[in-house]
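Have the 3D view open as you read.

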Amino acid sequence: MGTQLTLTPTINEDGYVNLQLAQQVSNATAEVQFGAPVISTREASTHLFVRDGQTAVIGGLVDRAENNTRSGIPFLKDLPLLGGLFGSTTRSEVRSELFLFLTPHIVVTDEDVDRVRDGVQRRPDLLRSALPGGPLIDSTRQRRDTLP
């Protein structure tokens, strides 16, 4: 159970990245068959051409779950006509949609590789600035240094 993303990139001579993408989301449902929960699986696949450094947004894995829960005093809540006095029904609806934001970056030189590796080792959120075309600067540290 969980979210699985399979991505196969290919780089062409014009600086475009060809992405073959498959995404799968699996969740256990409240239903039980043969003594085990039923697994709900949603899948989507696509093929993209994206220029180096451009962001592509992919959406479409929508899920809607409705739950009806009956609670109250055992046996009395199940009585016809009078059961409503001894119990209550809670209804809930959950809707979710998975969006992916993909920004491919082509790493060409050894310096690019070193910047990416250093960014990952320092902090994962610095990875964006470690990619080609962006300096590796820790903005929180820079702000502290400029304060009096």
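Helices (H or I, at least four residues) and strands (E, at least two) are DSSP runs, numbered from the N terminus. With that in hand, the protein chain reads β-β-β-β-β-α-α-α from the N terminus on. This is a predicted model, in which local features need pLDDT of at least 70, side-chain atom pairs count only at pLDDT 80 or more, and totals for chains, interfaces and linings use all residues. Residues are numbered from 1 along each chain as its sequence is written, and side-chain values use heavy atoms, with hydrogens and water left out.

Of the chain's 148 residues, 20% count as buried, meaning under 20% relative accessible area, while exposed means over 50% and partly exposed lies in between (1.4 Å probe, protein chains only).

Now find Lys77, in the loop between strand E4 (56-72) and strand E5 (87-102).

Next, turn to helix H1 (residues 110-122). Asp112, Val116 and Gly119 are buried in H1. They cover an arc of only 65 degrees around the axis, which puts them on the same side of H1; the arc is that of the directions from the helix axis to the C-beta atoms. An α-helix has 3.6 residues a turn, so residues three or four places apart point the same way. On the face of H1 turned away from its buried side sit the exposed residues Asp110, Glu111, Gln121 and Arg122.

How values were computed. The expected span of a helix is 1.5 Å times one less than its number of residues.
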